[in-house]
Amino acid sequence: MAELPREVFLPEAYVRRSAPPGWLTLHGGGPDTRADWLRLVNSGDSVVVELDGTGPDAAVRVATVPMPRYLAALHALAPKPGMRVLELGLGTGLGAGMIDRYLRPWHTGDPEIVAVEIDPAHAAAATERLASLGARVRVVTADAFAPELPRLLGGAFDRIITTFPVDDVPPIWRELLAPGGRLVTFLGPELHVVEA
Ligand SMILES: C[S@@+](CC[C@H](N)C(=O)[O-])C[C@H]1O[C@@H](n2cnc3c(N)ncnc32)[C@H](O)[C@@H]1O
């Protein structure tokens, strides 16, 4: 997992600056920003990848999960070879790429890793990035709360990780858990584990 090139998943990052107040775009293409961009994407900190609006008051729409937090969730998830694994909230694809790298030595046949993303643009970009690295992840553009999800995803999963915070675990996520399965999610700031 450590060898996963994070730059592929984070071609652009936004950082707040104080003077002049606003957001600065960092990317690998500009000699002025490349060093800061590389430092940020490899730092393990949360990286802002999409803003809601423009100008200094723009809010964060999508940011990656800080690496220590994602690794803690993966540790709790403990996926094993042969298991069907689902990520709800694919984002940049970085997390799904990490799961793929972890399970890759055991991959056979059809991809057992499925990832759901509500935003079609993020789903398309992540699909391309994952494919460029040979990752075997099936991406589905859908709402993680949609009642038709079990049908869309072709059944239940042994492991489910969700990357956006919720107030409660919705019944549809429990429905997606296979017998003996495990779901790891963030209830607010806390990591929460559900065993089926
Ligand atoms: C914290 S980011 C994902 C971080 C991801 N692990 C990564 O490595 O980039 C959360 C993602 O969940 C997606 N999301 C939010 N609500 C969703 C929903 N109801 N269904 C599916 N995806 C959703 C957002 O669009 C965003 O891309």
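**View 1. Just after helix α5, G134 takes a positive phi of about 75 degrees.** Helices here are DSSP runs of H or I with at least four residues, strands are E runs of at least two, and both are numbered from the N terminus. The model is predicted: local features need pLDDT of at least 70, side-chain atom pairs count only at pLDDT 80 or more, and totals for chains, interfaces and linings use all residues. Residues are numbered from 1 along each chain as its sequence is written.

**View 2. Helix α5 covers residues 120–132.** Its 13 residues should span 18 Å at 1.5 Å a residue, and the end C-alpha atoms are 18 Å apart, which agrees. The expected span is 1.5 Å times one less than the number of residues. Which residues of α5 are buried? They are H122, A123, A126, T127, R129 and L130. Buried means that 20 or more other C-beta atoms lie within 10 Å of the residue's own; exposed means 12 or fewer, and partly exposed lies in between, with C-beta atoms placed from the backbone. An α-helix has 3.6 residues a turn, so residues three or four places apart point the same way. The buried residues of α5 pack against α1, β4 (59–63), α4, β6 and β7 (137–141). Two residues are in contact if their C-beta atoms, placed from the backbone, lie within 7 Å.

**View 3. R84 sits in the loop between α3 (67–77) and β5 (85–88).** Is R84 buried or exposed? R84 is buried, because 20 other C-beta atoms lie within 10 Å. Leaving out residues up to four places away in sequence, R84 touches E112, F157 and D158. L71 is 13 residues from R84 in sequence and 19 Å from R84 in space, C-alpha to C-alpha.

**View 4. G89, G91, L94, G95 and A144 come nearest to the ligand among the 19 residues around it.** A residue is near a molecule or strand if its C-beta atom, placed from the backbone, lies within 6 Å of it. Helix α4 (94–103) and strand β6 (113–117) are the elements that give two or more residues to this shell. By class, the shell has nine nonpolar, seven polar and three charged residues. Nonpolar means Ala, Val, Leu, Ile, Met, Phe, Trp, Tyr, Cys and Pro; charged means Asp, Glu, Lys and Arg; the others, Gly among them, are polar.

**View 5. The domain assignment gives domain 1 (6–63) and domain 2 (67–195).** Such bounds come from an automatic or database domain assignment. The contact takes seven residues from domain 1 and eleven from domain 2. Helix α1 (residues 6–9) gives the most to the domain 1 side, with three residues.
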